[in-house]
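Hello,

The structure is below, followed by notes on what turned up in it. Please read the two together.

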Amino acid sequence: MIYTLTLNPSIDYIVEVHDLKLGGLNRMNRDLKLPGGKGINVSRILNQLGATNTAFGFLGGFTGRFINDRLQEEAIRTDFVTIADDTRINIKLKHGEETEINGLGPAISSEESEQLLQKMSGLQQGDVVILSGSVPPALGADFYDRLIKVCKQAGAEFVIDTTGKALMDALVHEPLLVKPNHHELAELFGVKIETREELITYGRRILEAGAKHVLISMAGEGALFITQEEVHHANVPKGVVKNSVGAGDSMIGGFVGTYVLNGDLLEAFRTGVASGSATAFSDDLATRELIDELRTQVSITKL
């Protein structure tokens, strides 16, 4: 079984305003409300690929009910902890460029956090848990570490998609995959990275710190996949970028779903790149049809 974990989900409220007037009255040209949060995005892509999964996390209030209902409509299994506070709303304002206004996230009690840990105690050897996104302040900076220990005790693999100290602290526990983009990788080591060779150098440092596989997205320059033995590069399929939300999550979903289904790392890499691109070319997350179409355009080269 694959499990996704979203500690701070959201409704992503996408608002399009063609001529934004700050300080004045504006009218929307279009709006869209979507279930959001990095792990939830991964679950939706896994579902498109036919990879059975269960979404864990915290949901509360009318916003939480909206998210759970939408996931149920897509036939995604959910097992969220119901909390007293409302799940947040993130605003994605499109006005030529995109401006994001993210909610703070709900208060989560110690009893509610223990309920999540209890749910995860049912993990089994061979399960894969995808830990994604920010940690609400109420949970404490070490909450990912507590979750990872639960995974390891059960013999489950884990993937972590976060940044900074939380990511560095997780590496010693040997995550199955980490996926920084080129900017996040530079920030992680406090350096300026200007070449592909430098990306590979710092990607290998993540491997040395404990990660089993490293996937580095480079926007229009494609992506790198680094293992202990080899480095591969993939190009980016051609298309018009419409959406920056969820592309990285889609890459993880495409990779993990394919790897769990058939065990082929390079096909997982190919599908991950196709999935991320398909979301970038869509108003919402990628569909199976577009992923399959773009997969044929992804060429992988061993470096």
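**Salt bridges**

Asp169 forms a salt bridge with Lys165, the closest N and O atoms being 2.6 Å apart; a salt bridge here is a side-chain nitrogen of Lys or Arg within 4 Å of a carboxyl oxygen of Asp or Glu. This is a predicted model, in which local features need pLDDT of at least 70, side-chain atom pairs count only at pLDDT 80 or more, and totals for chains, interfaces and linings use all residues. Residues are numbered from 1 along each chain as its sequence is written, and side-chain values use heavy atoms, with hydrogens and water left out.

Asp169 and Lys165 are 4 residues apart in helix 5, so about one helical turn separates them. Helices (H or I, at least four residues) and strands (E, at least two) are DSSP runs, numbered from the N terminus. Lys165 is exposed at 64% relative accessibility, while Asp169 is partly exposed at 38%. The classes are buried (under 20% relative accessible area), exposed (over 50%) and partly exposed (in between), with a 1.4 Å probe and protein chains only.

In helix 9, Arg270 and Glu267 lie 3 residues apart, about one turn, and their side chains meet in a salt bridge at 3.0 Å, N to O.

The whole structure holds 21 salt bridges. One of them pairs Arg30 with Asp283, with the closest N and O atoms 4.0 Å apart. Arg30 is in strand 3 (residues 30-36) and Asp283 in the loop between helix 9 (265-280) and helix 10 (288-295), so the pair ties together parts 253 residues apart in sequence. Arg30 is partly exposed at 33% relative accessible area, as is Asp283 at 39%.

**Helix 7**

Helix 7 (residues 196-209) has 14 residues and reaches 20 Å from first C-alpha to last, close to the 20 Å expected at 1.5 Å a residue; the expected span is 1.5 Å times one less than the number of residues. Its buried residues are Leu199, Ile200, Tyr202, Gly203, Ile206 and Leu207. Their cover includes helix 5 (164-171), helix 6 (182-189) and strand 12 (214-217), where contact means heavy atoms within 4.5 Å. Gly210 follows helix 7 and has a positive phi, near 140 degrees.

Most residues other than glycine have a negative phi. Glu174 has a positive phi near 60 degrees and sits in the loop between helix 5 and strand 11. Ala219 has a positive phi near 55 degrees; this residue lies in the loop between strand 12 and strand 13 and is exposed, at 57%.

Regards
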